[in-house]
Amino acid sequence: MPTRKDIRLKNYDYSQNGAYFVTICTHNRKYLFWKNYDTYRLGAAFGGPHEKILLTEFGQIVKDELKKIPSIYPDVVFIPKFVIMPNHIHLIIVINSYVEGGPPKAAPTIGRIINKFKGAVSKKSGFRVWQKSFYDRIIRNNEEYKIYWQYIESNPTNWENDELFINEN
């Protein structure tokens with residue numbers, strides 16, 4: 001078996017306060033989440049002004065589990081933006097363990113958040129939904145935050161140009 005390359009930054013604390021852009025792909029990049037693939041031209045970023053994509057049962061499970069993440073880690077983990085694509089998701093995760101006038105709250109790592117989320121989705125779906133691992137990018141400043149926000153917002157309308165697009169026809 002080939003050894004997987006570790007894509008995480010060495011000596012970086014992935015539980016520290018900050019924002020992270022995360023991409024998670026389905027196992028074998030299988031289309032699981034959209035009922036109406038040709039609607040992507042209309043746009044479908046969740047957390048935005050337009051929700052035109054009809055999700056499959058599995059897409060709805062993903063959406064429900066994404067929305068639960070902040071309640072699992074109250075006042076520490078936030079998901080301000082995400083999009084569910086046919087065979088992957090993008091999201092911004094914000095960790096803020098700072099408590100005014102008190103000690104910081106314990107924060108989970110990005111890996112722990114994602115692994116718990118992926119496990120919940122696969123368990124409710126009844127099969128392995130996700131590929132191993134995930135892609136993350138530490139968002140370093142407000143400009144990068146805006147770029148990733150816009151990328152998530154426009155991803156459905158740019159679906160055919162996405163590197164994860166697979167023409168199933």
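Predicted model: local features only at pLDDT ≥ 70, side-chain atom pairs only at ≥ 80, totals over all residues.
Two residues are taken to be in contact when heavy atoms lie within 4.5 Å.

As for the overall layout, the chain contains three helices and four strands. Walking along the sequence, they come up in the pattern β-α-β-β-α-β-α.

The four strands make up an open sheet, and its order is 2-3-1-4 with antiparallel pairing. Strand 2 (77-84) and strand 4 (135-139) sit at the edges, each pairing on one side only. From one strand to the next, the twist averages 20°. In general, strands of a sheet pair through backbone hydrogen bonds, and this can happen in a parallel or an antiparallel way. Further in, strand 1 (residues 18-25) pairs with strand 3 (residues 88-95) in the antiparallel sense, over eight bridges. Within this pairing, Ile24 stands opposite Ile89 of strand 3.

Helix 3 (residues 142-154) packs on the sheet and touches strand 1, strand 2, strand 3 and strand 4. The direction of helix 3 makes about 150° with that of strand 3. Helix 1 (residues 57-72), for its part, lies across strand 2 and strand 3. Relative to strand 2, helix 1 runs at about 160°.

Then there is the loop between strand 1 and helix 1, which is where Asn28 is placed. Asn28 has a phi near 60°, a positive value in a residue other than glycine. Is Asn28 buried or exposed? The relative accessible area of Asn28 is 64%, and the cut-off for exposed is over 50%, so Asn28 counts as exposed.

Arg29 lies in the loop between strand 1 and helix 1 as well. Arg29 is not a glycine either, yet its phi is positive, at about 55°. The relative accessibility of Arg29 is 36%; buried means under 20% and exposed means over 50%, so Arg29 falls in between and counts as partly exposed.

Conventions
Residues numbered from 1 in each chain as written. Heavy atoms only, no water. Pairing = 2+ DSSP bridges. Helix = DSSP H or I, 4+ residues; strand = E, 2+ residues; numbered from the N terminus. Axes fitted to C-alpha atoms, helices over the stretch in contact; angles between N-to-C directions. Buried < 20%, exposed > 50% of the residue type's maximum accessible area, 1.4 Å probe, protein only.
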